[in-house]
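Let's take a friendly walk through a protein model, one topic at a time. Have a look at the sequence and the 3D view first, then read on.

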Amino acid sequence: MAIQQQNNKFIHGLGASPGIVVGKAYLLERFKVRLPEKRILSERVKGEVERFLKAIQQSRDQLAEIQEKILDPEVRKHAFILDVHLMILNDQMLIQDTVDTIRKKKVNAEWALDLTLEKLDTAFKAIEDEYLRERRSDLHYVAARIFRNLLGKKHDDITKIKGKVIIVAHDLSPADTLQMNLKHVAGFITDIGGKVSHTAILSRSLGIPAVVGLEVATSLVNGGDLLVIDGDTGEVVINPTEEVSQSFLERNRRVKTMEREVLKYASLRAETRDGVRIRLQANIEMVDEIASARAHGAEGIGLYRTEILYLNRKDLPTEEEHYQTYRRLAESISPASATIRTLDIGGDKFLPNYSMDNEMNPAMGLRAIRFSIKETDIFKVQLRGILRASAHGKLRILFPMISGIEEIRQAKAILEEVKKSLAKAKVLFDHGIEIGAMIEIPSASVTADLLSREVDFFSIGTNDLIQYTLAIDRINEHVSYLYEPLHPAILRIIRGVVQSALQAKIPVAICGEMAAEPAYALVLLGLGLNEFSMNPVAIPKVKKILRMVRFEETQSLVEELFRFPTALEIECYVRNWMAERFPGDFVKCSAKKFKA
Ligand code: PEP
Ligand code: MG
């Protein structure tokens, strides 16, 4: 029997779904097949073509079988992606090109398919075929399956996983995750992927801890290794010693106890000791999350992200789908309100059936409101859905990635057109529906005084505001140390936006993750913000801290912060300030780091 090494190897990735778990690794080596490249004799061509077509048929049968076996309704919601994979498998271009290559070049099927894939990859954006223009990753998931069938490699039967395991993969295809019996999955870790990858989205919605973007997980982890994963911090330890796993588990117990303890605050009023009321709302992506938002004490939905409606499917959502979804949202959150953000697609999320050129800088490319203004038809369908749903509860519309006045005016003009056509057709909707602008691009923040005349409210998106102001890619782990919410530039920008909103007498909220960190929440309060939206789980702990301070003291704290020239000094000043007041809850900044 192999002796398990206890080597405590730490690796770091992106925490994609929170929670700490210890478990045995289950290695999926989907993408790690070595492809033989062989020239073949003319008389073997026919047989080779047949071998290829057989592998295609096997792949189809396997996917159809997976599809049939999905019983869990929660998992079934994500299953339409398998249809896309089946369509790729039926695609004549993929099949014919490979067959032609076998015939003309007299090479084995693996080599021929690999050549076809290379071609498709480079020519991806120009492909006419509507299915192959879908996600490139889907093409690769399908190809990996065909290769394994060609090579006679067994597909790990992940339907039969026993016990609780942590799945380790280079990347997880939707077909992989959908066929797992998720009751046996304690966690996921992957080499690649960001916070919006399939793995991340699915694991968050299923509440399974996950770390993505580890780069080396599949090279360092062997099947059966013991792993500790922390879906909050992105830490993974391979073969931890008893001491290390105990320390993680202890942390997990502390976090859980704290969560239980702070949950008591969920039902209390969010107000400071001197009676300043703060509105705490939730950021969600699915109507089903409203239960969690309520349980954590949210007073409404401050940000409803709508991208999920468009992702992982081959067509676009219809007006009726939009309407039904937003109607359910409005009715479930009533009498509170929900702020629906229009499509924020682009960057690393793109639409099927829409060929976005391979952009050099997708974060700065054709995305969010720019996309909606260009693709007016897609935009109007969503706006009609929102407006119709506004007859069933209190909804607000939020436009993402506004960079200046022209964009907001264009978006409003399109909204007006949609309103007119609905009114003409005598369709009920809220004629006075409020519209807002996300303030997440530096140009919007410095022209907030001008923008404030165009909208009913602002919502500051610090996730992107920090990215664009400090030029830090928010999902690039190599520069994450520079992602500093308390950077002097960010504080000055937020102060300016709040002042503009106050002058224009419009409400300003914050919906970036910054608000979910208690220390930052106090700074935001001192900066004059009193409407925070965050992931539901964070609400009780933010409420707890808000109830422990006086508004006036947070204002004095913020005044002090403007004295410091660096983010580190500001951060340390805030941490020490909190540790002094609430020694049981916060620790001091380490003296070595703190030079102020
Ligand atoms: C933000 O940018 O702060 C934000 C809330 O939007 P998202 O994270 O969806 O980009
Ligand atoms: Mg954003």
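**A quick tour**

A471 sits in the loop between helix 18 and helix 19 (488-504); helices here are DSSP runs of H or I with at least four residues, strands are E runs of at least two, and both are numbered from the N terminus. This is a predicted model, where local features need pLDDT of at least 70, side-chain atom pairs count only at pLDDT 80 or more, and totals for chains, interfaces and linings use all residues. Residues are numbered from 1 along each chain as its sequence is written, chains are lettered from A and ligands numbered from 1 in the order in which they are written, and side-chain values use heavy atoms, with hydrogens and water left out.

- A471 has a positive phi of about 55°, although it is not a glycine.
- At 67% relative accessibility, A471 counts as exposed (exposed means over 50% relative accessible area, buried under 20%, and partly exposed in between, with a 1.4 Å probe and protein chains only).
- K426 isn't a glycine either, yet it has a positive phi of about 60°.
- You'll find K426 in the loop between helix 15 (405-424) and strand 13, and with 73% relative accessibility it is exposed.
- S334 and P335 are joined by a cis peptide bond, with omega at about 10°.
- P335 belongs to the loop between helix 12 (319-333) and strand 11 (337-341).

**The magnesium ion**

- Which residues coordinate the magnesium ion (ligand 2)? E440 (OE) and D464 (OD) do, at 2.0 to 2.1 Å.
- E440 lies in the loop between strand 13 (434-439) and helix 16 (442-446) and D464 in helix 18 (residues 462-470), so the pair ties together parts that are 24 residues apart in sequence.
- E440 and D464 are both buried.
- A word on counting: donors are N, O and S atoms within 2.8 Å of the metal (3.2 Å for Na, K and Ca), and water is not among the atoms, so sites may look incomplete.

**Ligand 1 and its surroundings**

- How many residues surround ligand 1? There are 13, and the closest are R305, R341, G461, N463 and R474; a residue is near a molecule if one of its heavy atoms lies within 4 Å of it.
- Helix 18 gives the largest share of the shell around ligand 1, with three residues.
- Sorted by class, that shell around ligand 1 has six charged, four polar and three nonpolar residues. Asp, Glu, Lys and Arg count as charged; Ala, Val, Leu, Ile, Met, Phe, Trp, Tyr, Cys and Pro as nonpolar; and the others, Gly among them, as polar.
- A backbone N or O atom of N463 lies 2.7 Å from an oxygen atom of ligand 1.
- For T462, a backbone N or O atom is 3.1 Å from an oxygen atom of ligand 1.
- G461 has a polar backbone atom 3.3 Å from an oxygen atom of ligand 1.
- These are polar contacts, meaning pairs of N or O atoms within 3.5 Å; within protein, one must be able to donate a hydrogen and the other to accept it, and residues adjacent in sequence count only if both atoms are side-chain atoms.
- Taken alone, ligand 1 exposes 290 Å², and the protein buries 96% of that. Accessible areas like this come from the Shrake-Rupley method with a 1.4 Å probe, and for residues only the protein chains shown count as cover.

**Aromatic pairs**

- The count comes to four aromatic pairs: rings of Phe, Tyr and Trp (its six-membered ring) pair if their centres lie within 6.5 Å, with planes under 30 degrees apart counting as stacked, over 60 as edge-to-face and the rest as tilted.
- The ring centres of F564 and Y573 are 5.2 Å apart and their planes are at 45°, so this pair is tilted.
- Is F564 buried or exposed? F564 is buried, at 7% relative accessibility, whereas Y573 is partly exposed at 22%.

**Spots inside helices**

- F248 is in helix 10 (residues 242-263) and is buried at 4% relative accessibility.
- The C-alpha atoms of F248 and I20 are separated by 7.2 Å, though these residues are 228 apart along the chain.
- E553 lies in helix 22 (residues 551-561), and its side chain reaches the backbone nitrogen of R550 at 2.9 Å.
- E553 is buried, with a relative accessible area of 19%.
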